Amino acid sequence: MAVCIPLPSCRFRHRPVRSSLERQELFGRIAPVYDNLNDLLSLGQHRIWKRMTVSWTGAKMGDCALDLCCGSGDLAFLLSEKVGSNGKVTGLDFSKEQLSIASCRQGLAPNACYNNIEWVEGDALELPFSDGYFDAITMGYGLRNVVDKERAMQEMFRVLKPGSRVSVLDFNKSTQPFTNLIQEWMIDNVVVPVATGYGLAKEYEYLKSSIKEFLTGKELERLALQVGFSNARHYEISGGLMGNLVATR
Amino acid sequence: MVRASLMLLKDVGRGFCNSLSQMLVCPLSKKPLRYSEETNSLISDAIGVSFPIKDGIPCLVPMDGKIIEADDMPKTDDAADLSSKNNQ
């Protein structure tokens with residue numbers, strides 16, 4: 001019979017593990033075509049948005065940066081260029097498949113400065129980093145997918161150095177009905193049909209419901225202030241289809 | 001791609017103790033981790049759990065942990081308890 005060992009200093013949360021597991025499996029399934037689909041579906045614009053996300057962190061040479069829900073590593077590679085060989089980037093994701101792709105991309109890259117990136121398989125809700133460690137944190141298309149957004153923000157706050165910034169890029173849950181209409185139309189008539197061609201219709205249909213369940217820009221700002229950030233601002237980009245939360249500890 | 005991955009694994013194995021283990025903590029107790037070269041894992045002495053390192057990547061999702069005293073048991077009791085609580 002299994003012995004239960006008491007863990008006095010840890011907190012077990014009654015999160016819907018099955019939901020988190022389903023999402024983990026989803027990202028595992030889309031991993032092989034994730035990069036190609038990002039390029040196709042955004043017509044390459046995601047690269048611009050991600051550069052903006054990194055700029056907003058204020059990351060500079062020599063910094064220690066963290067990319068949460070790093071996936072195949074887009075933001076981690078951009079952070080790597082910002083912090084240079086004297087800096088350090090940690091990319092964390094809960095998908096083994098995505099990390100494997102990130103690691104391979106790192107190995108194949110001709111640029112030697114990508115050697116400053118380490119990959120960690122981990123949970124954005126239980127970060128394996130000590131308090132106040134990072135000078136900058138990014139999260140791209142991750143916050144919408146975690147089952148406990150407040151907990152994720154709390155963990156980001158905990159591991160960030162005072163005065164440093166977190167920059168969270170994601171779909172924007174707009175308060176403008178017209179923008180919502182455009183967003184839904186694009187998902188139904190562009191994203192899902194293209195994803196269907198890759199055999200991933202159901203995985204990308206998940207996008208619409210996840211945006212509906214997400215927080216608006218104002219709600220994200222409020223959440224960041226609630227967990228302790230001193231300043232929080234949500235910027236709408238790409239005509240309001242995307243948004244980027246910037247919060248300072 | 002395989003050769004690049006193998007090279008990366010060797011490099012990570014050599015440098016692992018020096019850099020990554022110093023910054024990582026147990027995801028549950030938030031206490032320091034200890035690198036075990038013989039088992040190639042990260043040990044949380046605070047809670048008696050070891051976390052594997054696979055292909056040079058530390059696996060620190062809480063459910064990846066394994067209670068050290070029960071080497072033959074599948075996965076951690078914490079994971080089993082958490083799963084059973086959520087299935088109720």
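Analyst: A:F129 has 0% relative accessibility, so A:F129 counts as buried. Buried means under 20% relative accessible area, exposed over 50%, and partly exposed in between (1.4 Å probe, protein chains only). This is a predicted model: local features need pLDDT of at least 70, side-chain atom pairs count only at pLDDT 80 or more, and totals for chains, interfaces and linings use all residues. Residues are numbered from 1 along each chain as its sequence is written, chains are lettered from A and ligands numbered from 1 in the order in which they are written, and side-chain values use heavy atoms, with hydrogens and water left out.

Start with the location. A:F129 sits in the loop between β3 (117-121) and β4 (134-140) of chain A. Helices (H or I, at least four residues) and strands (E, at least two) are DSSP runs, numbered from the N terminus.

Next, the neighbours. Leaving out residues up to four places away in sequence, A:F129 touches A:L66, A:T90, A:L92, A:F134, A:R158 and A:V159 in chain A. From chain B, A:F129 touches B:M23, B:L24 and B:V25. Contact means heavy atoms within 4.5 Å.

The side chains of A:E155 and A:R158 form a salt bridge, at 2.8 Å from N to O. A salt bridge is a side-chain nitrogen of Lys or Arg within 4 Å of a carboxyl oxygen of Asp or Glu. Both residues belong to helix α6 (residues 149-159) of chain A. They are three residues apart, about one turn of the helix. A:E155 and A:R158 are both buried.

A salt-bridge network links A:E126, A:D131, A:R151, A:E155, A:R158 and B:K30. Over all chains, the structure holds 17 salt bridges.

Now the chain as a whole. Chain A has nine helices and seven strands. Of its 249 residues, 55% count as buried. Among contacts in chain A with a separation of 6 or more, 74% come from residues 24 or more positions apart. Chain A exposes about 11,000 Å², and carbon and sulfur atoms supply 55% of that area. Accessible areas come from the Shrake-Rupley method with a 1.4 Å probe; for residues, only the protein chains shown count as cover.
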